[in-house]
Amino acid sequence: MTSPAPKLPVSLAANPKLSSWVRFTDEGHVTISPGKVEIGQGIVTALAQIAADELDVDLARVEMIRASTATSPNEGVTSGSLSIQQSGRALRHACAEVRQRFVAAASERLGVDAALLSVDDGTISGPGNVRTSYWELARDVSLDLDATAGAEAKSIARRTVAGHSIQRVDIPDKVFAQPRFIHDRALPGSLHGRVLRPDISGAKLIALNEDAVRAVPGLVAIVRDGGFAGVVADSEAAAEAALKALRKGATWSAGEPLPDEDDLAGFLKSQPVETAVIDTRAAATTTKAAHTLRRQYTRPYIAHGSIAPSCAMAQWDGDRVHVWTHSQGVYLLRADLAIVLKLPAENIIVEHMEGAGCYGHNAADDVALDAVLLAKAAGGRPVRVQWSRHDEMSHAPFGAAMAVEIEADLDADNEIVGWRHAIWSNGHAARPGRAAQPALLAATEIANPYQRMISTNPPAANGGGGDRNSVPLYDLPAWTITSHRLLTMPVRTSALRTLGGQGNVFAIESLLDEIATLRGEDPVAFRLRHLRDERAKDVIRSAARRAQWKPQKRSGVGHGVGFARYKNTGAYCAAIAEIEGDDDIRVKRLTLAVDVGEAINPDGVINQIEGGAIQATSWLLKERVRFDRTRIASTSWTDYPILTFSEVPAVDVEIIQRPEIEPVGAGEAAHGPVTASIANAMFDCLGVRVRDLPITRDRIIAAMELAS
């Protein structure tokens, strides 16, 4: 049987021209231009390591170029913990082929067999001290050609940079307050813009009184396009003053009712839905159920909580516009801008700049269109628009609320014989560039508005949306997994880190823990007994061993375990939580083990797992979008608290390094396991289970009263 023909990595097949990935400069550097973007996950560093390894150049020579629709390969969106998986594989192959082509050219120039040549920091040398370099050959070796499938990357044993922890290249600027974030990078001659939006959900702008606004010192322009209105001024202070005056004279229509925040499950289950059976498994033999456990788990709408509100800049030049943004998908944003502006895509350049916080589809894309529309009135000068905290917490998309019901059929020994898992949730994706209509907020406000996009779910092959991680990795005899996606969307939702993964893992792992307790079986042993995947078993064993599971029971202290493989195809992660519970719950320690295959930068993997663990702790203990029937109420850090530094648990991470296995991302692997481990530790500590997130003091007290 012949082996299948080699194929290019997906991102390289979509963007095969080598020169779009790699170039050599006259200054002795190599520029690497991936289509994925840095959003705090350390991807720029890891990709630089891959390039340095395959090209045999010192890491200091590698210059990472920010993604831009003018020059960069189109890798879609930076999401789903796929950057290493997609961009890393493409870059490893592209750099291997570039090295191969330069070595072949050096062989011809030096008259030495290519097999006798070696590369050291870009210098190609051979017997008799003959030598040349990438930079000497750069004019003779064209990279304006397509990659081929035959290039071979280095063996694991020959990699000297990938697999080792190095300092992240983006951190020094951030530590020493250099202007790396878009919020700190004003263009020469910049003006400042602000946009007027309603406090009442769904209200439409009817009328403006512009006279008072014109008297504001520093005002440059008032912009109105249907229900979209804003101001342009020569300073941020002037823009704020003008917006305040504009708001005073605004008249709005009635809004649209919001759900009952205290009965989200009831709301989600009462709406029109699109139902899909995600997966089924039939039992090999029929075993009669002695009884059935029916449990419901909920999570609220969650805000992205980016530390800095979204920001963008735009500048028009005739019928062309240049946009600077911290969007996760510059090409996708360009596609939506082209629809709204009715311009050819080639008339729009979208260039990435780092933003201070992004965990999915926040308002980065929305504020980019705001800047573009306001910049039309700026006479060719750039306009910088930064949303307020109130804007961000009111109008950016939220992570969707979820209700999850699981029915577990148990035999007389409380062994699982059947499993039914049902999800009710809005869709988890309404990103730009994926539909014939734009997904941008201002597109719903202009004179010829587009309808608000109803969020959908990515297909199961891409990890799913509301159904993400709903199919158990455990070897259960039978199951049916069903997803009910809402066809209405009074609260705007789109992608938030893990999509439905956090809610589903919380539900599955909580119920498994409850069944283990019914059986009087150790929760770790129970999980191991139901797993066949050895990599899954290894992360659970490693986390348990590192946490010294299970310590002697102490009053007021609880321990819990959680496990998942992100999207059932990505990183494996297990978590052990230690909590203290008296008047309040405090998470003292989280011990995690993770398997991402080849860890390109182990320190970067640890950073991502730590960050995910801390964010999951914040989600579980505190985070919840608050609203009444007319408006979003949680519009400040006071109303939407997140975990503070004094509340952050100690986080201990062990990496199971598997360099022989292709790498996957780590950014979203910890959220589900950590959520479940803390919830299970609360039961261990307090003897009650809380199935509604966030798990607050009031909900614990209510659960205790119900149990008594």
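## A buried asparagine

Asn469 counts as buried, because its relative accessibility is 8%. Here "buried" means under 20% relative accessible area, "exposed" means over 50%, and "partly exposed" covers what lies in between, with a 1.4 Å probe and protein chains only. The model is predicted, so local features need pLDDT of at least 70 and side-chain atom pairs count only at pLDDT 80 or more, while totals for chains, interfaces and linings use all residues. Residues are numbered from 1 along each chain as its sequence is written, and side-chain values use heavy atoms, with hydrogens and water left out.

Where is Asn469 found? Look in the loop between strand E19 (416-425) and strand E20 (479-486). Helices (H or I, at least four residues) and strands (E, at least two) are DSSP runs, numbered from the N terminus. Asn469 is also a contact of Asn568, which touches Val471 and Leu473 too, once neighbours within four places in sequence are set aside. Contact means heavy atoms within 4.5 Å. Asn568 itself sits in the loop between E21 and strand E22 (572-581). Asn568 and Ser470 are 98 residues apart in sequence, and their C-alpha atoms are 9.1 Å apart in space.

Most residues other than glycine have a negative phi, and most peptide bonds are trans. Asn469 is not a glycine, yet its phi is positive, at about 65 degrees. Ala177 also has a positive phi, near 60 degrees, without being a glycine. You can find Ala177 in the loop between H5 and strand E7 (191-196). Is Ala177 buried or exposed? With a relative accessible area of 65%, Ala177 is exposed.

Now for the cis peptide bonds. One joins Trp549 and Lys550, with omega about -10 degrees. Another runs from Leu693 to Pro694, where omega is near -5 degrees. Pro694 belongs to the loop between H16 and helix H17 (697-707).

## Salt bridges

How many salt bridges does a search of the whole structure find? The search finds 53. A salt bridge is a side-chain nitrogen of Lys or Arg within 4 Å of a carboxyl oxygen of Asp or Glu. One of them pairs Glu351 with Arg66, whose closest N and O atoms are 2.5 Å apart. This pair links distant parts of the chain, 285 residues apart: Glu351 is in strand E16 (residues 348-352), and Arg66 is in the loop between strand E3 (62-64) and H3. Glu351 is buried at 16% relative accessibility, whereas Arg66 is partly exposed at 35%.

Asp684 is buried, with a relative accessible area of 17%, and Lys550 is partly exposed at 37%. Elsewhere, Glu38, Arg168, Asp170, Asp173, Lys174, Arg180 and Glu354 are linked in a network of salt bridges.

## Two pairs of helices

Helix H2 (residues 43-55) and helix H3 (residues 83-110) have axes that come within 8 Å and cross at roughly 25 degrees. Axes are lines fitted to C-alpha atoms, for helices over the stretch in contact, and angles run from 0 to 180 degrees between N-to-C directions. H2 and H3 are therefore roughly parallel to each other. Angles under 35 degrees count as roughly parallel, over 145 as roughly antiparallel, 65 to 115 as roughly perpendicular, and the rest as oblique. The residues of the contact of H2 with H3 divide into eleven nonpolar, three polar and three charged. Here Ala, Val, Leu, Ile, Met, Phe, Trp, Tyr, Cys and Pro count as nonpolar, Asp, Glu, Lys and Arg as charged, and the others, Gly among them, as polar.

The axes of helix H15 (residues 602-621) and H16 also come within 8 Å, crossing at roughly 50 degrees. H15 and H16 are therefore oblique to each other. The contact includes Ala613, Ala616 and Leu620 of H15 and Val674, Ile678 and Met682 of H16. What kinds of residues make up the contact of H15 with H16? They divide into nine nonpolar, five polar and no charged.
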